[in-house]
Amino acid sequence: MKVLISVDMEGISGIVHPAETNPDCYDYQQGRALMTAEANAVIAGVLDAEPAAEVWVADAHGPFRNLLPEDLDRRARLIRGKPRPLGMLGGLDEHTDAVMLIGYHARAGGGPAVLAHTMSDAILDVRVGGRSLGEIGLNAAMAGHLGVPVVLLSGDDTACAELTDLAPSAVTVAVKQALGQTAAVAVHPEEARERLRTAAAKAIEQRALVAPFALTGPLEVEIDLYGPHMVDLATLVPGVSRAGGGRKVTFTASDYADAYRLVLLLVQLASIRP
């Protein structure tokens, strides 16, 4: 079997501040080490349950170059760097049997939640078919489009609740309780890794109980952007139009894969400053 582990950074135990997740800041190297250690715990858990599994790990934070390659469990394949097909889910294909979202955070507007956002600070909200989705929902739906369930998620308690709402049978591990955007009560990193290893094995053993979160097209997508100039850039893309006011754009996608790719493109356009 093939398992894809997508690893973000904001939901790692002990991390509560951008200084720990931003490559330009002094605590980033510690954040990288904590992120890599949690990825290794999940890899070990998958292989405890399924020793012959093919494990792929997608570095899914910021520049997609955060995990320490030399410290990652050598039994896994590492996908790093950007741009790449499917972004945070690099490596996902029709041969994937299960997806795990590790170190994930809640959507923009969700809270209290540690370092909550959706793709970038330029995005205020993404609604697909009227339903607000953050990175958890957007990625779960992309996996679901290919018939692949998200069987495990770790992060703060708010992030765990987001996945439970979409996939009630999935396993979740809350490695911290959110007190606010940059505050939490966290379990010790070693305790978090022990819980993750156990949960990963359980998630593999129970994967048949988890239904993929799939959205069928055509799909109406609305995105609220932080700045009006971002709307100006977004509407240069064919099919994308303004939708009332100065901050919202909308488009219709024939299926979820098209919707996902266009959301990724608009996120990149929104990062361009005038």
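Modeller: Contact here means heavy atoms within 4.5 Å, and the model under discussion is a predicted one.

Biologist: Which residues does Gly 14 touch, not counting residues up to four places away in sequence?

Modeller: Gly 14 is found in the loop between E1 and H1. Once residues up to four places away in sequence are left out of the count, the contacts of Gly 14 are Glu 20 and Ala 186.

Biologist: Is Gly 14 buried, partly exposed or exposed?

Modeller: Buried means under 20% relative accessible area and exposed means over 50%, with partly exposed in between. Because the relative accessible area of Gly 14 is 35%, the class that applies to this residue is partly exposed.

Biologist: How far apart in space are Gly 14 and Thr 198?

Modeller: Along the sequence, 184 residues separate Gly 14 from Thr 198. In space, taken from C-alpha to C-alpha, the separation of Gly 14 and Thr 198 is 19 Å.

Biologist: What span does helix H4 reach from its first C-alpha to its last?

Modeller: Helix H4 covers residues 189-205, which gives it 17 residues. At 1.5 Å a residue the expected span is 24 Å, and the model comes close to that, with H4 reaching 24 Å.

Biologist: Which residues of H4 are buried, and what covers them?

Modeller: The buried residues of H4 are Ala 192, Leu 196, Ala 199, Ala 200, Ala 201, Ala 203 and Ile 204. Their cover includes strand E1 (2-7), helix H1 (28-49), strand E4 (98-104), strand E7 (150-156) and strand E8 (171-180).

Biologist: In what order do the five strands of the open sheet lie, and which are the edge strands?

Modeller: The pairing in this open sheet is antiparallel, and its five strands follow the order E6-E5-E10-E12-E11.

Biologist: Which residue of E12 is the bridge partner of Glu 222?

Modeller: Strand E10 (residues 219-225) and strand E12 (residues 248-253) run antiparallel and are joined by six bridges. Leu 219 stands opposite Ala 253 in E12, while the E12 partner of Glu 222 is Thr 250.

Biologist: Which residue takes a positive phi in the hairpin of E11 and E12?

Modeller: Strand E11 (residues 241-242) runs antiparallel to E12 and is joined to it by two bridges, with Ser 241 bridged to Thr 250. Five residues lie between the strands of this hairpin, and a positive phi near 80 degrees is taken by Gly 244.

Biologist: What is the volume of the largest pocket, and which helix gives the largest share of its lining?

Modeller: The largest pocket has a volume of about 990 Å³. Of the 36 residues lining this pocket, those closest to its centre are Gly 62, Lys 82, Met 119, Ser 120 and Val 267. The lining divides into 17 nonpolar, 11 polar and eight charged residues, and its largest share, six residues, comes from helix H6 (residues 256-270).

Key. Residues are numbered from 1 along each chain as its sequence is written. This is a predicted model: local features need pLDDT of at least 70, side-chain atom pairs count only at pLDDT 80 or more; totals for chains, interfaces and linings use all residues. Side-chain values use heavy atoms; hydrogens and water are left out. On a 1 Å grid over the protein atoms alone, a cavity is a set of points where a 1.4 Å probe fits but cannot get out, and a pocket is an open set with protein on both sides within 12 Å along at least five of seven lines; lining residues have an atom within 4 Å of a point. Grid points are joined across faces, edges and corners, and a volume is the space filled by probe spheres set on the points. Helices (H or I, at least four residues) and strands (E, at least two) are DSSP runs, numbered from the N terminus. Ala, Val, Leu, Ile, Met, Phe, Trp, Tyr, Cys and Pro count as nonpolar, Asp, Glu, Lys and Arg as charged, and the others, Gly among them, as polar. Two strands pair if DSSP finds at least two bridges between them. The expected span of a helix is 1.5 Å times one less than its number of residues. Buried means under 20% relative accessible area, exposed over 50%, partly exposed in between (1.4 Å probe, protein chains only).
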